[in-house]
Amino acid sequence: MFGRKPIEERLAERRAQLPPLKEGQHFEHGPAKFVFVFLIVFLVVAHLIGLVVLMVLDLH
């Protein structure tokens with residue numbers, strides 16, 4: 001459309017120009033990594049806060 005290549009071809013060309021991925025040192029999607037780490041940290045902190053609240057209220 002309008003003299004441009006389809007998005008699939010442009011993405012394929014851009015992907016071909018990237019260097020090869022290093023094994024075990026690459027997370028494919030930066031924002032996904034951020035969300036993943038945030039959720040893990042949030043869950044750990046929430047569990048610790050819940051534990052402290054239960055200990056204070058003596059409901060364990």
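The aromatic pairs come to a count of 1 under a rule that pairs rings of Phe, Tyr and Trp (its six-membered ring) if their centres lie within 6.5 Å. Phe 38 and Phe 42 make up this pair, which is stacked, at 6.2 Å centre to centre and 20° between the planes; planes under 30 degrees apart count as stacked, over 60 as edge-to-face and the rest as tilted. The two residues are 4 apart in helix H2 (residues 30–57), a separation of about one helical turn.

Buried means under 20% relative accessible area, exposed over 50% and partly exposed in between, with a 1.4 Å probe and protein chains only.

| Residue | Relative accessible area | Class |
|---|---|---|
| Phe 38 | 48% | partly exposed |
| Phe 42 | 49% | partly exposed |

The model is predicted: local features need pLDDT of at least 70, side-chain atom pairs count only at pLDDT 80 or more, and totals for chains, interfaces and linings use all residues. Residues are numbered from 1 along each chain as its sequence is written, and side-chain values use heavy atoms, with hydrogens and water left out.

The chain has 2 helices and 0 strands, taken as DSSP runs (H or I, at least four residues; E, at least two) numbered from the N terminus. Its radius of gyration over C-alpha atoms is 22 Å, well over the 10 Å from the globule rule (2.2 Å times the number of residues to the power 0.38) for 60 residues, so the chain is more spread out than a compact globule. The C-alpha trace spans about 70 × 30 × 10 Å along its principal axes. Buried residues account for 0% of the 60 residues.
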